[in-house]
Amino acid sequence: MNAEGSADLEQLVFTEEPEGTDEPRVHAAWLPPEAFRALGARRVLVHGQGMLVDTVLDEVSRACARYGGRVWHSPSWDVDVDVVLALRGAGELPNPAVEAARAAGEAALVEIGDGETLGDEGFLLARAGEVTVVLADAPAGLLYGLFHVVRLCAAAYDPARPPERHRPALRRRMLNHWDNVAVHPVMGQVERGYAGGSIFWRDGRPRGDLARIREYGRLLAASGVNAISVNNVNVGRTEALLLTDRLGDIAEIADVLRPYGIRVHLSVTFAAPVVLGGLSTADPMDEAVRAWWAATTRNVYERIPDFGGYVVKADSEGQPGPFTYGRDHADGANVLAEALAPHGGVVHWRAFVYNHHQDWRDRSTDRARAAYDHFTPLDGRFRANVVVQVKFGPVDFQTREPVSPVLAAMPATRLAVELQVTQEYTGQQRHVCHLGPWWGEVLRFEPWGPGGRTIADVATGVAESGGGLVAVANTGDDLFWTGHPLAQANLYTFGRLAWDPRLDPTAILDEWISLTFPPSATADPELVGRTLHEILDDSWRTYERYTAPLGVGFMVHPGDHYGPGIDGYEYTRWGTYHFADRDGVGVDRSRASGTGFAAQYPPYWAQVYESPESCPDELLLFFHHVPYEHVLHSGSTVIQHIYDTHFTGVEEVAVMRRRWQTLNGMIDPAVYERVAERLDEQVRSATEWRDQVNAYFFRKSGVPDERGRTIY
Ligand code: GCU
């Protein structure tokens, strides 16, 4: 809004909300009111217009009402301010100090910028004399700038703070909800959900709790997420209807998330033309099918003009796909992309395609090879608005896997990297398992060898041509959003890495800690911060220590995937085997004698992985079947490593629990209790893992623990 139109907005100034109305109905996660104290105690001027500027204004107004500051929206009179949040294109204000701050911001931008604009979502933060100024080209940038100021707390007002320019490295930063509309008889309301029911759906209907969805959007925006799919990739009959008859349900969610800059996407079934359209085929080459997708998609955009697009799991684990019609995945993806293109939408087409009816007797079929074998021959054939969404590893979100070779093999395709924030294989939000360091390793991995481009570069692409980062969400209707309160850190970290995959996960954790456990809200902030780091920093490695060893993966209880099931999948059709016998363990994926998977990598890694001598210890059993006495680079034998890490892992969990106990009385008792209860379960479960894995390998190998510890 320009200066002329601002007078009627005076009512926004100084408005006090009635006592308690902005008390969160659920845990405030990384946006507790306290995090807004530094901003809310200041005099803030917001300048500009647009739905997201109104969101900024609303946020600032609430903070100021609580902490005694003041807020103005494009005032037509002179005011003294401490903070200016302004759109660059918004007209001049009759306020010399504010204009001076804006001019200083512009000058800083010229100085540190490369002549580029701030873009749709970027912002500049600078100090101009006594004023902190945030400039953006577009309303979304102003919102992200606001949350940056909140994150910085007092540091945003440090006179010595040099100017900063921020732009997201990735255009699309997306969460996939595996939420079912109707409760699935096996998978429940949320597939692989460990945080209660769905935020969006209950028993076949929209849940209708729009306030919670809004609160969720707010949290996501503050972490950097800007896209969300709201139903499971496995699309059932009820869920299929969201595309047509029940589009209104999606429109309602989109309306609530829009003010936080989040676009809604929908998982659709490839069979939709048959299931919904009554056609006899879903063949992507059929004219009637193309016309159906085009018309249906047009209808979606009439209802939701900023609709993001479709997410598709096809020809995978029983979902329909183009193979039925003798077509390939490029044919399949392109027909949806063609329908979305006129409206600016994208299709996220998942590369998680493999044979889930494998014969365990057949050692030549390798699930790890599948995505590469199916997709790399199609490189260059996907339309520009297709994003091929690739799980970060070749198998299935394991605690340790090599990075998927597909990510290095499709230079002419937009690739997104898919992570799993929901902790299906990493403790199901009953175990503390901070995944930031793991994702950091994946994103920093250089698939072409040392010094080359990284996975983060692939997701970013050249000139924003990359497909971005996608993750399966870990949230539900739980009081703490994520079941385990410390699992909130994983969601926050995902958003921040999606904004900038080069950020240091430990620094992100630091941000999360100081926002979620504000120093001013505890008697001993140093103890709280240190303890949380001690518990979380290495928790993924701890989890790895007491579960499947040396990258071999799985060994989980079949079906629910929680707890040990060493041979649980060994003789099944799912293709996830470890091949342990009396002499050794591991999967030979070498080119020379195994499945040939190692050869799917560019030469540097193909060579490193090919031989047990050069293969990194942590992936040894992923790539090789070796004798128990094989000596690792660490100097330990495989069998002794298994024993040692399993004993150590459980000891580390016991230490975590003791450390947590030092926080009793220091933090919110509800958070304390929930985590304490989950740590008890983690100690129990880790002990079970240790004893089963150690007993299993002792019984197979007959090799005793050289330290004589108890093995059953
Ligand atoms: C895993 C998970 C399934 C999920 C699938 C997917 O296999 O166990 O529940 O549907 O991944 O990513 O599609």
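Me: What makes a residue pair between domain 1 and domain 2 count as a polar contact?
Reply: A polar contact is a pair of N or O atoms within 3.5 Å; within protein, one must be able to donate a hydrogen and the other to accept it, and residues adjacent in sequence count only if both atoms are side-chain atoms. Seven residue pairs pass between domain 1 and domain 2, both residues at pLDDT 80 or more. This is a predicted model, where local features need pLDDT of at least 70, side-chain atom pairs count only at pLDDT 80 or more, and totals for chains, interfaces and linings use all residues. Residues are numbered from 1 along each chain as its sequence is written, and side-chain values use heavy atoms, with hydrogens and water left out.

Me: Which elements of domain 1 give two or more residues to the side that touches domain 2?
Reply: They are α2 (51-67) and α4 (139-152). Helices are DSSP runs (H or I, at least four residues), numbered from the N terminus. The most comes from α2, with six residues.

Me: Why is the Arg151 and Glu511 pair called a salt bridge?
Reply: The term needs a side-chain nitrogen of Lys or Arg within 4 Å of a carboxyl oxygen of Asp or Glu. Here the N to O distance is 3.9 Å, so the pair falls within the limit. Between domain 1 and domain 2 the count is four salt bridges.

Me: How do you know how many residues of domain 1 and domain 2 are in contact?
Reply: Contact means heavy atoms within 4.5 Å. By that test, 18 residues of domain 1 are in contact with 18 residues of domain 2. The bounds, 31-166 for domain 1 and 173-516 for domain 2, come from an automatic or database domain assignment.

Me: What makes the area between domain 1 and domain 2 "buried"?
Reply: Buried area is the accessible area (1.4 Å probe) that two parts lose on being put together, summed over both. For domain 1 and domain 2 it is about 1500 Å², and carbon and sulfur atoms give 58% of that. In domain 1, Leu31, Tyr144 and Arg151 lose the most area to domain 2, together 41% of what that side buries.

Me: Why does the Arg88 and Asp137 salt bridge tie together parts that are apart in sequence?
Reply: The closest N and O atoms of Arg88 and Asp137 are 3.0 Å apart. Arg88 lies in the loop between β3 (83-87) and α3 (96-112), and Asp137 in the loop between β5 (131-136) and α4, so the pair ties together parts 49 residues apart in sequence. Strands here are DSSP runs (E, at least two residues).
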